[in-house]
Amino acid sequence: MPTALNGELRRQARIAVSLGAIVEQPFQAADWRGRILELVDRRAPGFEKLKPFLRAGQIHRHRSSYLKTAHAQFVAMLRSILVGLLPKSAAEDVVLVETLDMLLSFETWSRLRDVQGLSVAKSKRVLKHAIEPLLSDDFVRRRGWGEGG
């Protein structure tokens, strides 16, 4: 593997660790629904910082088992944080988890920012607008999800 790519990979790994530190800070919200919305605000600066590296990884991932593994670990870490915030009964709802995982993903963030041309603030508003109905009192009550699971 070329030296420049090795350096790029090391830099991407360091930034991924810093994203993990951002996301794992204590939450301000008192309930799980507020914490899910807080993930939007927490992930935005990390995704902005990681954007060039994640894009470079997308280009080279098909040729590198290391990049495939690193990307899978990154996605798994983000998903684990999300699922860890949900009450047990909500975490068992496959459609909810997949929907939230997709909405909170780098790929969705990248589309809003780069394909649709939205600002960071507008992208965060769009994501929260999409997520909030899934966390509403009425929706939570109908699904039988409580605070504790």
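Is Lys 51 buried or exposed, and what is its relative accessibility? In this model, which is predicted, Lys 51 has a relative accessibility of 9% and therefore counts as buried, since buried means under 20%.

Let me stay with Lys 51 for a moment, and turn to its partner. Lys 51 forms a salt bridge with Asp 114, and the closest N and O atoms of the two are 3.5 Å apart. Asp 114 lies in helix α6, which covers residues 106–115, while Lys 51 lies in helix α2, so this pair ties together parts that are 63 residues apart in sequence. Asp 114, at 36% relative accessibility, counts as partly exposed.

In one of them, the side chains of Asp 41 and Lys 124 meet with an N to O distance of 3.4 Å. Asp 41 sits in helix α2, residues 32–60, and Lys 124 in helix α7, residues 120–135, so here the parts tied together are 83 residues apart in sequence. Asp 41 is partly exposed, with a relative accessible area of 31%, and Lys 124 is partly exposed as well, with a relative accessible area of 23%.

Finally, the side chains of Glu 92 and Lys 88 meet in a salt bridge, at 3.4 Å from N to O, and both Glu 92 and Lys 88 are exposed.

Key. Residues numbered from 1 in each chain as written. Predicted model: local features only at pLDDT ≥ 70, side-chain atom pairs only at ≥ 80, totals over all residues. Heavy atoms only, no water. Salt bridge = Lys/Arg side-chain N within 4 Å of Asp/Glu carboxyl O. Helix = DSSP H or I, 4+ residues; strand = E, 2+ residues; numbered from the N terminus. Buried < 20%, exposed > 50% of the residue type's maximum accessible area, 1.4 Å probe, protein only.
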